[in-house]
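This report describes one protein chain, from its overall form down to single residues. Please look at the sequence and the structure before reading on.

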Amino acid sequence: LPYSGNWTTNFNVFSINNTGVNDGSSAIYGKSGVGAGAFNTPFSNAGVWGENTLSGFGVLGTSSGGNGIGGFSKYGTGVYGFSHASNSPGVLGSNKDSSGVGVMGYLQNGGTSVWGINYGKGTVGRFESFNGDNTDPTVYILGYGNSQGLALAQANSTTTSDAAFFHNEGLGHALNLQAVNLSSTSQVLRVGNSTKGTGLYV
C-alpha cells in the first residue's frame with residue numbers, strides 16, 4: 001500500500017463476501033483518523049462499513065451529474081440515517097443553490113412523499129425561517145388535484161386542545177382567507193358543527 005490500478009470489465013473489478021451475520025460484521029471496513037471509533041459494534045452488519053474518528057464523513061460519495069450516493073432496497077429502507085446526538089438530525093439535506101431543494105420526497109404511483117412519525121412528546125414537523133428580509137411563506141402548499149389543499153384532523157376524542165391554532169405577533173392578520181375563482185358559488189368560510197357548543201365564537 002498505497003495501491004492504484006485500472007481495469008475494464010463488465011463485472012466487478014473486485015469482489016469480496018463475508019458470510020458472517022453478527023452485528024458489526026462487514027465485507028469491507030474502511031477507517032479514517034486515529035483512535036477508537038464511534039461504535040465498537042454497530043447495531044447491524046454491513047456490506048461496506050466506513051468510519052471516521054474525526055469530524056469528516058464515514059462514507060462519502062461524489063458525482064458530477066448524478067446522485068452522490070444511491071440507496072436501493074427491495075423490501076427495506078433505501079437510505080437510513082441514525083444519530084445519537086441530541087441536536088443533530090439522522091438525515092440532513094442541504095443545497096447551496098438559491099433555487100435548490102434541501103430535502104425532497106418524490107412519488108409517481110401514489111402513497112406519501114414525506115411522512116413524519118413521532119412516538120415521543122416533540123413535534124412531528126417543524127419549519128422555521130430566520131431571515132428577517134424573507135418575504136416568502138415559511139410553508140407553501142400547492143395542489144392540482146380534486147381534494148383539499150390542507151386537511152387538519154384531531155383524532156383524539158378526549159383532548160381539549162384546538163385542532164388548529166394561529167398565533168401572530170406581527171401587525172398582519174392572524175388568518176387571511178381569499179377566494180379568487182369568479183365562477184365559484186361556494187362560501188369563503190364555512191363552519192359546520194355537530195357538537196353542543198357554538199359553531200362560531202368571536
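## Terms and model

A residue is called buried when its relative accessible area is under 20%, exposed when it is over 50%, and partly exposed in between, with a 1.4 Å probe and protein chains only. The model is predicted, so local features need pLDDT of at least 70 and side-chain atom pairs count only at pLDDT 80 or more, while totals for chains, interfaces and linings use all residues. Residues are numbered from 1 along each chain as its sequence is written, and side-chain values use heavy atoms, with hydrogens and water left out.

## Overall form

The protein has zero helices and two strands. Here helices (H or I, at least four residues) and strands (E, at least two) are DSSP runs, numbered from the N terminus.

The radius of gyration, taken over C-alpha atoms, is 25 Å. A compact globule of 202 residues would have a value near 17 Å, by the rule of 2.2 Å times the number of residues to the power 0.38. Along the principal axes, the C-alpha atoms fill a box of roughly 75 × 40 × 35 Å.

## Burial and contacts

Of the 202 residues, 3% count as buried. A contact means heavy atoms within 4.5 Å. Among contacts with a separation of 6 or more, 6% are between residues 24 or more positions apart.

Pro42 lies in the loop between β1 (26-32) and β2. Is Pro42 buried or exposed? Pro42 is buried, because its relative accessible area is 17%. Leaving out residues up to four places away in sequence, Pro42 touches Asp23, Gly24 and Trp49. Pro42 and Ser25 are 17 residues apart in sequence, and their C-alpha atoms are 8.7 Å apart.

Ser94 lies in the segment after β2 (46-52), and Ser186 is found in the segment after β2 as well. Ser94 is exposed, with a relative accessible area of 69%. Ser186 counts as exposed because its relative accessibility is 54%. From C-alpha to C-alpha, Ser94 is 38 Å from Val188, which is 94 residues away along the chain. Ser186 and Lys31 are 155 residues apart in sequence and 64 Å apart in space, again C-alpha to C-alpha.

## The second largest pocket

A pocket is found on a 1 Å grid over the protein atoms alone, as an open set of points where a 1.4 Å probe fits, with protein on both sides within 12 Å along at least five of seven lines; lining residues have an atom within 4 Å of a point. The second largest pocket has a volume of about 2,400 Å³. Of its 39 lining residues, the closest to the centre are Ile141, Gly149, Leu150, Phe166 and Leu175. A volume is the space filled by probe spheres set on the points, and grid points are joined across faces, edges and corners.
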